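User: I would like to learn how to read a ligand site and a metal site. Could you take me through one slowly?

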Amino acid sequence: MSGIKTLGQFIIEKQADFPYAKGELSRLLRDIGIASKIVNREVNKAGLVDILGEAGTVNIQGEGQKKLDVFANLQFISALTSGGECCIVATEEEDEFVRIDSPVSKNAKYIVCIDPLDGSSNIDCNVAVGTIFSIYRRKSTEGEAVLSDVLQKGTEQVAAGYVIYGSSTMLVYTTGKGVNGFTLDPSIGEFCLSHPNMKIPEHGNIYSLNEGNYVHFPEGVKKYLKYVQVHDERTNRPYTSRYIGSMVADIHRNLIKGGIYIYPTTASSPNGKLRLLYECNPMAFIVEQAGGIASDGFRRIMEIEPSELHERSSIFIGSREMVTMAEGMMAEYSSEQDKHYGAVVGKVFQA
Ligand code: AHM
Ligand code: MG
């Protein structure tokens, strides 16, 4: 076993970075790691058992839920309930947050926001999917934890991470002191440290967005797209387009190779598609910790004050120089309406 450091060992070692910590956060991360291994097992055998396809239920956004969405949602809620370290789980798959009422959890001091299985429309065709999570400290000091305990800005996150179920399975997380990645070794059933202190290149040559929505993009995004597609040897343009349609996989690749991921506002998603609490904030925390930037086109994602559980946001995230350039184009070319969006994040405007 020499040379191998498991996620469990690493978490315990890192607890020393928080001298007053009593181990609750470490146990919470451990619980998430365990649930993700169970989800991984099911994702891996998805083609073999009767678990593919629609579950027949619809989540709050009106999207059909895949069976594995439902399974993953239950697994994480159940692991977090039995772990006893968090009092609320807010998940993309539930209309309301789930309050954990067991005697131990009632006084627990953490809140977890989670997208149990992101990119699940890709499952049926064997494309990488992921889990995204974010951990906050409870703010209220007495009684039951309430909605305002969940609606915190991304800057309040104490930890965030994702699991990518891909050609190998990896768990990547941060507690605000850098980003570390662990690859699941199926032979021993453990996540092992494989990507210590991950850093996103300052600049890359990959851009990822759903270009099919081009006609509905804000002017600033259209101008940025023109910029990345122009031939210029000095800046290594045109850049390469890579879009999996699975946020975790697209951002994971860009984190390693350098690049920008954009999901802007569009006519059909006037506030953006991705959810602030379950997708944008945790990814923003990780990418910032790796040296990158996450913006809604006008402002830092993690400084947006959330006003509702399933709030959406546009997102421009990745290598520092690339996001800065895209933000510049948004500032220069976006319509007054787009800029108005920047000023009233969280409020729907008519596109
Ligand atoms: P989901 O949470 O319903 O799975 O949707 C989120 C996914 C992201 O993973 C992905 O980047 C994006 O939606 C793709 O959207 P689109 O198909 O519009 O390009
Ligand atoms: Mg999602």
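Analyst: Start with the neighbours, where near means that a heavy atom of the residue lies within 4 Å. Here 16 residues surround ligand 1, and the closest are Asp-118, Tyr-243, Met-247, Tyr-261 and Tyr-263. This is a predicted model, in which local features need pLDDT of at least 70 and side-chain atom pairs pLDDT 80 or more, while totals for chains, interfaces and linings use all residues. Residues are numbered from 1 along each chain as written, chains are lettered from A and ligands numbered from 1 in written order, and side-chain values use heavy atoms, without hydrogens or water.

User: Which residues place a polar side-chain atom by an oxygen atom of ligand 1?

Analyst: A polar contact is a pair of N or O atoms within 3.5 Å. The side chain of Tyr-261 has a polar atom 2.6 Å from a ligand oxygen, and that of Glu-92 has one at 2.9 Å.

User: What are the protein donors of the magnesium ion (ligand 2)?

Analyst: Donors are N, O and S atoms within 2.8 Å of the metal (3.2 Å for Na, K and Ca), and sites may look incomplete because water is not among the atoms. For this magnesium ion they are Glu-92 (OE), Asp-115 (OD), Asp-118 (OD) and Glu-279 (OE), at 1.9 to 2.8 Å, and their spacing along the chain is E-x22-D-x2-D-x160-E.

How values were computed
Polar contact = N/O pair within 3.5 Å; in protein donor to acceptor, adjacent residues only side chain to side chain.
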